[in-house]
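Hi,

Here is the structure I said I would pass on.

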Amino acid sequence: MFRFFFQAFFLLLAAMAVMSAAFAALGLLPGAGEPVAGGARMNVQLLTVWAFEALALITLFLVVQGRFASWWLDGLVAGWLAWIFRGPLLVVTIAGARLAPPQAWWNQALRWWLVYTVCGLLLAAAGRSIRPGAVEEEP
């Protein structure tokens with residue numbers, strides 16, 4: 001189980017970094033192409049957020065694993081459940097508090113739906129080696 005957790009954690013960090021870089025390269029991130037104030041500090045904060053999201057997604061995946069008909073459905077359900085809190089609930093909260101116009105946040109939320117879908121499927125593929133309720137026997 002520890003090996004799965006370790007591999008899944010770094011797999012999700014890599015997936016989030018690659019997808020974020022792809023969105024930035026395509027100009028889909030807000031402020032893409034503009035110099036970022038805070039440079040290295042901003043990167044550390046972003047990595048910290050991704051690490052927290054990866055831990056939460058792995059935990060959620062382990063809770064739902066084995067509850068659905070197929071391995072890939074476990075991953076999709078975990079990813080989409082996590083996305084609900086990153087996407088629509090965040091947009092409703094920000095729009096409700098009138099902190100920012102909701103359109104830009106909806107675009108960001110839809111991009112993160114794609115990220116969480118991919119991450120959920122990656123987790124499901126990595127989790128195929130562990131079975132819910134199985135106890136590892138020592139030789």
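Let's start with Ala124: setting aside neighbours within four places in sequence, Ala124 is in contact with Phe61, Trp71, Trp72 and Gly75 (contact means heavy atoms within 4.5 Å). Before going on, note that this is a predicted model, where local features need pLDDT of at least 70, side-chain atom pairs count only at pLDDT 80 or more, and totals for chains, interfaces and linings use all residues. Residues are numbered from 1 along each chain as its sequence is written, and side-chain values use heavy atoms, with hydrogens and water left out.

Ala124 sits in helix α5 (helices are DSSP runs of H or I, at least four residues, numbered from the N terminus). Is Ala124 buried or exposed? Its relative accessible area is 2%, so Ala124 is buried (under 20%; exposed is over 50%, with a 1.4 Å probe and protein chains only). Its C-alpha atom is 9.0 Å from that of Ala78, 46 residues away along the chain.

Beyond its neighbours within four places in sequence, Leu12 is in contact with Ala54, Leu57, Ile58, Cys119 and Leu123.

Finally, Phe85 lies in helix α3 and counts as exposed, at 61% relative accessibility.

Cheers

How values were computed:
Helix = DSSP H or I, 4+ residues; strand = E, 2+ residues; numbered from the N terminus.
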